[in-house]
Structure formats: structure tokens, C-alpha cells
Amino acid sequence: MNTTPLVIEQHSRVAPLGVRFWDAITHKTIGEGLIVNAYRATQPDRRFALTHNRTNVFVLQNVPGLRDVEFGAGDPIYWDNLPTPKSFAVDVQDTTGRFLPFTFTADAPTRDLFAWICGSPPEPSGGVPLFSAPSRSIPGGYGVIRAELHDESQFDARTQEYAPATWALLEAWYDGQLVGRSLADDRGRVVVGFSYPEPINPPIASPPSPRTALTAQQWPIELRAFYTPAIPMPPRPDLCAALTQTSATLLSSLSPPTPVTQVNVAYGVDAIMKTTDRSDLLLST
């Protein structure tokens, strides 16, 4: 008896856009808790939710103008004859408060997962990075640098305060390699987390030299800041614009202006960066 099923009709469904997000500290993909919507720039009030699947990919479907694309065959002929892509703004929010909100631009339809290529050096993953909110509790086993960034060029005589460096970018480098980066929030608060580098110890010799315990280790971390003020400041950053801001100088002292380019990060201890005699860290553009 032939038990081979008889295929009477077959349908395929192709997503015009698929996006994966990952934690810039742990490098793990993130799905739960994110709300992702796409919209055309000319129709910001008409938004389309991207649905989250079991592989932590958010897919765009049921969009007017792309319905014919969704029901294509998905074979090589299909991909070779796609219509001209349409540009969408994609809005990302985290309902759990772990990550900062942001927007970015993507074209649909596009083959394969959306590839994030903005910023230099390029991100180690093709997905879109998520940057931690300053209130997030960073998992153990990661170095942490915290600061409250303010713009030295924007002083309010009425309040006697410097304006927050909203959405400024702070990078941590070690031995010539980028190890971590993050964005400041709307109040200028930023947290940068990164995997600890290899322990620093003298080479094994005879007789052996004393070894430094992991809990006593410190690493010299180079700091780089980037900031482009905007008036008015957007309620959430365009991620590509945020990652391509103008270089800025962090100030360890205001009088005289003295730059700071390095901090020693000790194992298990958050490094809190401040300008001398202040509770915040000023930067100059």
C-alpha cells in the first residue's frame, strides 16, 4: 500500500523583513520583552508590529504594498526579481527596561536577515545591537564603567547646570581592541559593560614570580567619547546617527581643562567616572 501523501495544493510565505537583536554586553540574542514596529516615514502613525518567533527573529508581515511579495515562492527566481525595496523606519522599545529605545532604517523586501553595517568598527554580529539602560543590573563576570555625561559647552546660567549629553556614545578599548560601548540615556547616564580581558600576570619564570589573584586584577581601559548635540534632542536616537557622532573629549578636570582617556577597571568593581569636584563627567566637543 502506497502511503506517500498526495499534495493537492502548496502555499509558501516569505517575510519581507527579518531582524535579530542582540545584547551588546553578553552578545546573546534577545526576543522576549521587545516591542518592534515598522512604519513609512511619510506615515508615522500607521505602524506595523514585527512578530517574534522561536528563533528570536522579528518578522514584518501583512504590510499593504508587500502582500504579493509575502506569497512568493521564495526560490532563486523569486529573489532575483524582487520589486524595488521600500524604506521603513523601525522603532524598538524594551518593556522590561533593560535596554534603551531607538530607531533605525531598513529596506523591505530584503533577502536573508537584516544585516547591521553602521558604525566603525563594525559590530561582531549581523544583527542589531541593544545598548543597556543605566538602571540595568549587569550580570556578574563583566567589567562595568558608569558615568553621568554632561556637555561642557551647554551651561544653563539659570539652573547653574550643564546640559546632559543625551545619546552620547562611550567606548571602552583594551590593547587596541574595542571591548564595549553604549549610549547615554536622555539624562546623560551611561553604563558600558564588557567581558574581562585575560588576567595580567608576569610570565612564568624560574624561580616563579608571584601571581596576582583574579579578584585583585586591574585592567587599563582606554575611553573614547562621541557626541553631536541636536536641538531639539529626539525622544529616542536614530541608532546609526548615534554610532557615527563626532569625537568628544572627556574632562578629568574643568579648570584647567584636562582630558581623561583611561580608567583602571578592577575585577568585580564598577568604575565610576567623574570630573574632579563634580558628581558627573563633563565632555567637550
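Begin by selecting N37, which sits in strand β3, where helices (H or I, at least four residues) and strands (E, at least two) are DSSP runs numbered from the N terminus. With a relative accessibility of 15%, N37 counts as buried; buried means under 20% relative accessible area, exposed means over 50%, and partly exposed lies in between, with a 1.4 Å probe and protein chains only. Leaving out residues up to four places away in sequence, N37 touches R47, F48, A49, L50, A89, V90 and D91, a contact being heavy atoms within 4.5 Å.

Before going further, keep in mind that this is a predicted model, in which local features need pLDDT of at least 70 and side-chain atom pairs count only at pLDDT 80 or more, while totals for chains, interfaces and linings use all residues. Residues are numbered from 1 along each chain as its sequence is written, and side-chain values use heavy atoms, with hydrogens and water left out.

**The whole chain**

Now zoom out to the whole protein chain, which has 3 helices and 20 strands, and whose C-alpha atoms fill a box of roughly 80 × 65 × 30 Å along the principal axes. Of its 285 residues, 42% are buried. The accessible surface comes to about 15700 Å², and 51% of that surface belongs to carbon and sulfur atoms; such areas come from the Shrake-Rupley method with a 1.4 Å probe, and for residues only the protein chains shown count as cover. Among the contacts between residues at least 6 apart in sequence, 63% join residues at least 24 apart.

**The nonpolar cores**

Next, select F21, F104, V128 and L239, which touch the most other members of the largest nonpolar core, a set of 41 residues. A nonpolar core is a set of buried Ala, Val, Leu, Ile, Met, Phe, Trp, Tyr and Cys residues joined through side-chain atoms within 4.5 Å. The elements that give two or more residues to this core are β1 (17-23), β3 (34-39), β6, α2 (76-80), β7 (86-94), β8, β9 and α3 (239-242). A second, separate core has 26 residues, including L170, L250, A271 and L281.

Stay for a moment with V128, and show its surroundings: apart from neighbours within four places in sequence, V128 is in contact with V19, R20, F21, W22, F102, F104, F114, W116 and L239.

**A pocket**

Which residues line the second largest pocket? Select T166, W167, T228, A230, M233, P234, P237, D238, A241, A242 and Q245 to see that lining. On a 1 Å grid over the protein atoms alone, a pocket is an open set of points where a 1.4 Å probe fits, with protein on both sides within 12 Å along at least five of seven lines, and lining residues have an atom within 4 Å of a point. The space in this second largest pocket is about 150 Å³, a volume being the space filled by probe spheres set on the points, which are joined across faces, edges and corners. Its lining divides into 7 nonpolar, 3 polar and 1 charged residues, where Ala, Val, Leu, Ile, Met, Phe, Trp, Tyr, Cys and Pro count as nonpolar, Asp, Glu, Lys and Arg as charged, and the others, Gly among them, as polar.

**Backbone details in the loops**

Move to P109, in the loop between β8 (102-108) and β9 (128-130), where a cis peptide bond with omega of about 5° joins A108 and P109. Then go to P256, in the loop between β16 (247-254) and β17 (257-259); the peptide bond from S255 to P256 is cis, with omega near -5°.

Select N56 next, in the loop between β5 (51-52) and β6 (57-60), and note that its phi is near 60°, a positive value in a residue other than glycine. Is N56 buried or exposed? At 18% relative accessibility, N56 counts as buried. N62, in the loop between β6 and α1 (67-70), has a phi near 60°, and at 43% relative accessibility N62 counts as partly exposed.

**Two last stops**

Turn to V269, in the loop between β18 (262-266) and β19 (271-273), which is partly exposed with a relative accessible area of 47%. Setting aside neighbours within four places in sequence, V269 is in contact with V144 and Y196.

Finish at S279, in the loop between β19 and β20 (281-284), which is exposed with a relative accessible area of 61%. S279 and E148 are 131 residues apart in sequence, and their C-alpha atoms are 7.9 Å apart in space.
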